[in-house]
Amino acid sequence: MSTETPSGPGISGDDSLEAAHEKNRRVRRVLFGCAAVTVVTTVAIFLVLFDNAASYFFGARISEVLFGGDSIVRTVTFTEFFTGTRWAPDHATPAHGVLPIVAGTLTITVGAGLVSIPIGTATALYLSEYATTGTRNRLKPVLEVLAGIPTIVYGYFAVSFVTPVIVSGIATYVVNPTGSWFDSISYLAPFVLDPVAEWMMGVSVGRYSLLGGILVVGTMTIPMVSSISEDAMQAVPDDLRNGAYALGATKYQVATRIVLPAAVSGIFASYILALSRAIGETMAVTLAAGFNANLTANPFAEIMTMTAYLVSIARGTSAVGTVEYQSLFAVGLLLFLMTLSMNLLNDRLKRRFQEEYR
Amino acid sequence: MSTKRETDFLEDVDLSREKLLNRVFYGTLVVASLFGLVMLLLLIADVVWESYQAFVTFDIDLGNYLTATSSSRAERAGFGASILASLWLMALTAVLAFFIAVGCAIYLVEYAPENRVTRLIEANLANLAGVPSIVYGLLVLALIVNDAGLGSVILAGAIALALLIVPIIIVASIESIRAVPSSVRDGSYAMGATKWQTIRQVVLPKAMPGILTGTILALARAIGETAPLIMVGTMLHATRYPSGPLSSFSAMPTQIYNWTYQADRMFNGLAALGIVVLLLFLVAMYALAGYLRKRYETDGGSISNV
């Protein structure tokens, strides 16, 4: 939005004035350059990911083919990539099916959504419709702190508390009513992580578990759901609520049948944002869910997400040009495209709810 | 109509189900709202407990911990090199991100015409804010670390973090610049100032507290980021003190990751202590941001600092 105010008096032919105008034009160009950097970043992400991912599938980067005269060799077929069920590009007998890690990512995402969406929505409803100002002022900072804690801390929390205490507690309850079947999952427990867990529950789950990842990622995405949903609920005009009360509606009815439907596009936008964050989440899932590219829905098993794979390869500092290095970008590109589509959807929904009550 | 019939009518209406439903719903909401609070308390209690264990069980020497470099032997390992690396990262990230972000914000608020290019830039900002941080790490790994041959150095990590937080600073700066009343600008123009003079000497000084607050909050986000640094190729053991922007490094979060990843319980204790240090840094930054906001809110109306 530009301010349409003429700068300086409109006297032409004045040298110093010309110089001032020239300076203004220069400044404008520099500032536009700053703004352009943000667009260049996006373009660079696209180009670099595509360019490097190409070498995974075609044996050479796009830039090398175009400018270096390298020839195209099919190394990994798209069919194998998208339909194979074993992911081990770095093994002696490599396998290039990306499905297990995509499934790992989606399981974590859906599971985290099952935690954060109901809890976040309920929190938003409570804050928006029920809480007194005092309670709101106390509860909202807590949620902000929850959102501000680095993901590595959630990862640590998963390793040192959630998995050994909560997940193994659940494992005991679910799996061990008779005490016999549990012995069969003892392969999950290569070592006891936390003596506290054993003392409390008399059981140990492995160091990594799907459920642990779901719980921490779910917890860390609650604030995204609750704060954006609450904004959407606050934007619902009071006239609608009062109209419903005038017709004899109870508070419950107003909350569920007036506020929720009226704010639905903003609420959905918050869900998509939370799911998109869960897809891209790295440190918490890496430390909580592990590095085993399994196709499984067993909540106590170790799995691997796309981001965890990226970390596992980067940890090993693989050399440029190796298959592992190239696979980083194939997986990274897929991850980027997944979150990009979620973000575009989120953007559209958000725009809709903002336009509804202006 | 007799009053008796009215009472009969009311007696027919059974509101107990509605009342129960309302109470159950309210209770559910309260319990759900407490979930986040409980998890936060558990997390803090866990970190504090593990740090306490680190001192009691493993007898960690705090002085050595805060000054030494990391080591593969847990008894000798310290956090000092990581703290210094994080400080380097923050300084470089701040310099790299601040000017570009503020420049972009000024352009969007003061100069940008309402056209397709502007809309593209604005839509792209929303998109950038949603890109997973690990992807910025991949970008810098390919482009800066390997293609440009810079290597896995602090500067490369700072570039990744700067790309990550530029959108955040832009959004905060836009808000802050928009909040400067247009009467102030008009006053400056009326005095014969040019557009750039007005922005530099009138608008920016008034918007600066908000911009700085946003920058500090964004840096607080950057200091806790682990994934982009790992992608850039941070060595996961901070075995040396970094000597400058071009030395390899392991920052606080990557060092914490490395210690957490180890099976040895003593390393986990070291990680817990590291988390305490990291969180103290965060608290200090949030406090500084809060202080800035408070301080400049109180004399908000005056333009004495112009």
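Is helix H11 (residues 252-261) of chain B mostly covered or mostly uncovered, and how many of its residues are buried?

Modeller: Keep in mind that this is a predicted model. Helix H11 of chain B is mostly covered. It has 10 residues, and nine of them are buried. Here they are in order. A residue is called buried here because its relative accessible area is under 20%.

In chain B, 89 residues are in contact with chain A. The size of an interface is often given as the accessible area lost when the parts come together. For chain B and chain A, that area is about 7700 Å². Carbon and sulfur atoms account for 72% of it.

The rule finds one salt bridge across the interface of chain B and chain A. B:Asp147 forms a salt bridge with A:Arg61. Their closest N and O atoms are 2.8 Å apart. Polar contacts across the interface of chain B and chain A come to 13 residue pairs, with both residues at pLDDT 80 or more. Which helix of chain B gives the largest share of the side that touches chain A? Helix H2 (residues 16-56) does, with 19 residues. By class, the side of chain B that touches chain A holds 62 nonpolar, 16 polar and 11 charged residues.

The contact between them takes 10 residues from domain 1 of chain A and 16 residues from domain 2 of chain A. Together, the two domains bury about 1200 Å². Of this area, 83% is on carbon and sulfur atoms. In domain 1 of chain A, A:Leu49, A:Tyr56 and A:Phe57 lose the most area to domain 2 of chain A. Those three residues make up 51% of what the domain 1 side buries. The count of salt bridges between domain 1 and domain 2 of chain A is zero. One residue pair is in polar contact between these domains, both residues being at pLDDT 80 or more. The side of domain 1 of chain A that touches domain 2 has eight nonpolar residues, two polar ones and no charged ones.

Technical notes
Residues numbered from 1 in each chain as written. Chains lettered and ligands numbered in written order. Predicted model: local features only at pLDDT ≥ 70, side-chain atom pairs only at ≥ 80, totals over all residues. Heavy atoms only, no water. Buried < 20%, exposed > 50% of the residue type's maximum accessible area, 1.4 Å probe, protein only. Helix = DSSP H or I, 4+ residues; strand = E, 2+ residues; numbered from the N terminus. Contact = heavy atoms within 4.5 Å. Buried area = accessible area lost by both parts, 1.4 Å probe. Salt bridge = Lys/Arg side-chain N within 4 Å of Asp/Glu carboxyl O. Polar contact = N/O pair within 3.5 Å; in protein donor to acceptor, adjacent residues only side chain to side chain. Nonpolar A, V, L, I, M, F, W, Y, C, P; charged D, E, K, R; others polar.
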